[in-house]
Amino acid sequence: MKTRLIFTTLALISALAVQAADGIRYQAQPAGNKVRIEGTSTAHDWEMEGTLIGGFVEFESAVQFDTAQATIPGLKDKKLAIKSLVIVPVRSVKSDAKAMAQVMDGLMQDALKEADFKKIECRISELTFKEPHAAGKPFEFDAAGELAIAGVTNKVTFPVTIDVVEKDKLKITGSAPVKMTAYGVKPPAPSFGLGLMKCGDDVKVIFDWNIAKTATTASK
Amino acid sequence: MNKNESELNRRDFLKKGTSVATLMALMGGVELRADDAKPAAAPAEPELTKIPDLPRLNFGIIGMGVQGRAILDTLQHFPQQKEENGPHVIAICDNYKRALTRNSEAAPKAQQYEDYNELLANKDIHAVIVATPTYLHKDIAIAAMKAGKHVYCEAPLAHTVEDAKAIARAARDSVRYFQSGLQERSHPQRQYLLPFVRSGAAGKQVMARAQWHNKQSWQRPSSNPDRDKIVNWRLHSETSAGLAGEIGIHQLDAVSWFWKARPTAVNGFGSILLWNDGRDLPDTMQAILEYPEGARFMYDATLASGFDADYELYHGVDATIMLRDNKAWMFKEVDAPLLGWEVYARKDQFYKETGVALVANATKQTALGTKATEDSAYPYTALHYCLENFVINAVAINAAVDDYIQLYGDSDQKTMAQQMQTAKQIAFKHHPAATWQDGLDATVIALKTHEAVMKNTRIKFENEWFEV
């Protein structure tokens with residue numbers, strides 16, 4: 001009974017917090033997501049892919065996305081201040097190589113210190129609107145925030161687009177360059193057969209992420 | 001039903017005298033094997049697959065008869081167990097108490113259950129292996145999936161098409177991992193041969209032939225008539241799918257799998273010729289399965305003769321491939337075109353033929369020896385490889401489900417099941433095993449073959465039987 005009371009209180013506090021922020025919260029949707037890591041190596045290019053992206057994005061209540069319009073209500077000096085958390089479980093990103101895929105998965109998980117840091121987390125705090133916007137096309141932004149990989153957090157900026165998939169549903173697409181060593185990650189250098197393969201330091205993280213207005217905020 | 005059940009047969013006899021491999025070599029066979037990098041002088045010590053270092057899973061086995069014991073034994077002897085990184089068998093279940101006590105030594109830490117519902121209620125158990133008699137699979141497998149367990153269900157899925165479809169439907173909708181016990185589909189030798197046959201390397205496939213010969217009664221000892229009926233469920237039509245279903249399913253499945261085609265019709269014949277001991281199922285059967293474009297597959301199984309044990313032949317217009325003892329050979333036609341890899345392969349002189357073996361880096365001396373053809377590159381049974389892939393894939397899907405629930409919650413089971421499809425496809429790709437659809441297809445083919453045998457008739461396959 002006591003436990004239930006505590007949970008109820010916590011839930012109420014959380015709900016009040018959302019309302020106090022006066023924001024519109026979009027929550028991660030399970031379907032249609034894709035995160036893809038593209039890298040290079042001394043042998044050949046490589047790719048890893050996952051479908052799990054969790055988290056949320058919270059816009060100020062004035063913000064409305066309508067791709068038919070030239071601009072977005074709620075922009076301040078061409079910027080949108082947002083709260084967000086993007087989560088990708090490290091082990092969910094897997095190699096699609098025809099051979100040795102599991103070896104690649106293991107190497108990457110070791111390199112990213114998955115045992116200690118199970119998630120890649122990104123917190124975007126600001127979106128800078130890129131003009132002009134062509135009607136019917138996704139809105140384009142430069143995103144700025146923090147990216148945490150393997151226990152190291154760095155400031156990042158990268159381009160994203162926001163498209164309206166259907167009412168109250170958005171799709172965020174982006175591509176972020178990442179230097180592995182900047183996060184204390186040693187590029188994997190596995191020894192296969194007769195030779196040593198060394199992965200390049202620079203990788204590109206490409207993602208498609210679907211979010212939807214949560215019931216609480218949608219009713220506002 | 002375990003294809004590797006230890007029984008005295010002609011195969012054992014041949015092993016003690018002249019090995020099958022040597023016989024095949026003398027016939028001019030080209031051995032086809034995947035792991036040929038090691039010279040014959042140092043027979044292959046296989047590289048063992050490491051079970052991913054993910055949260056450990058706990059397993060329960062339901063049905064501790066002959067097959068359940070074989071499964072327990074296989075799991076307990078995984079090489080990974082030496083490093084305490086193997087599967088944890090924490091529960092065994094059988095409604096016959098003596099079947100449990102018999103396994104106390106083999107699974108000393110396992111909790112023993114007489115009621116499978118109690119085992120399924122144990123939240124510490126992540127995965128369940130259903131090894132009961134075939135006719136009991138349905139309720140147990142479906143209940144296990146409903147309880148959120150990963151499920152391995154022995155082949156055939158069930159002894160009726162309706163039951164098999166019910167299991168397949170539940171597996172399709174399950175968030176968790178499901179694997180059908182068609183063990184041969186996980187064997188590396190067959191995985192190696194699959195693209196070889198499908199690519200047309202042996203030419204257009206015109207005919208297949210397979211047999212399973214084993215002179216034994218299939219009678220198991222029992223303490224009283226009631227127990228006899230339970231123990232000898234394989235001998236009676238109301239509980240058994242006969243030779244075609246209980247043992248033939250593995251070879252019947254293999255041909256459809258290799259040919260990537262379902263049969264269009266089956267003609268069956270069966271008789272009791274030796275074991276007229278009260279059973280109502282034939283101890284000897286033949287079947288001809290018709291495939292699209294006119295190719296046919298002739299299959300026979302008998303408990304009345306052990307001659308020549310079991311093997312499969314895939315006849316192509318350019319070459320015939322023989323599979324036996326988990327080894328494969330290719331016998332080329334004289335007018336067959338040259339395949340590229342032969343240039344690099346080992347060449348053996350056999351009587352009037354020059355055989356070309358797939359043994360990389362083999363020296364001439366090595367080639368002249370018999371080791372390369374006698375030692376299998378795969379030291380484990382098909383059951384081992386099959387269970388290994390079950391363990392690995394169950395671990396992977398378990399992790400995927402956990403990650404999904406952490407991100408999105410578990411309220412929408414339908415969407416979660418759909419999203420898990422990608423994870424399952426990746427798992428099956430890297431660690432091949434029979435899916436629920438594979439299990440259903442094989443079960444339908446085997447059951448309808450059995451029906452044709454029982455009726456001595458021809459049955460046309462209907463697409464609807466394979467759909468859920």
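In S7(B), Gln179(B) is the bridge partner of Tyr152(B). The model is predicted, with local features requiring pLDDT of at least 70 and side-chain atom pairs pLDDT 80 or more, whereas totals for chains, interfaces and linings use all residues. Residues are numbered from 1 along each chain as its sequence is written, chains are lettered from A and ligands numbered from 1 in the order in which they are written, and side-chain values use heavy atoms, without hydrogens and water.

Strand S6 (residues 150-154) of chain B and S7(B) pair in the parallel sense over four bridges; pairing requires at least two bridges found by DSSP, and helices (H or I, at least four residues) and strands (E, at least two) are DSSP runs numbered from the N terminus. Six strands of chain B form an open sheet with parallel pairing, in the order S4-S3-S2-S5-S6-S7. Strands S4 (111-113) and S7 (178-181) of chain B stand at the edges, each with a single partner strand, so one side of each is left without a neighbour in the sheet. The twist averages 20 degrees from one strand to the next.

H3(B) packs on this sheet, touching S2, S3, S5 and S6 of chain B, and its direction makes about 160 degrees with that of S2(B). Angles run from 0 to 180 degrees between N-to-C directions, with axes fitted to C-alpha atoms, for helices over the stretch in contact; contact means heavy atoms within 4.5 Å.

Helix H3 (residues 66-76) and helix H14 (residues 382-408) of chain B pack at about 70 degrees, with their axes 10 Å apart. H3(B) is therefore roughly perpendicular to H14(B) (65 to 115 degrees).

Notes:
Angles under 35 degrees count as roughly parallel, over 145 as roughly antiparallel, 65 to 115 as roughly perpendicular and the rest as oblique.
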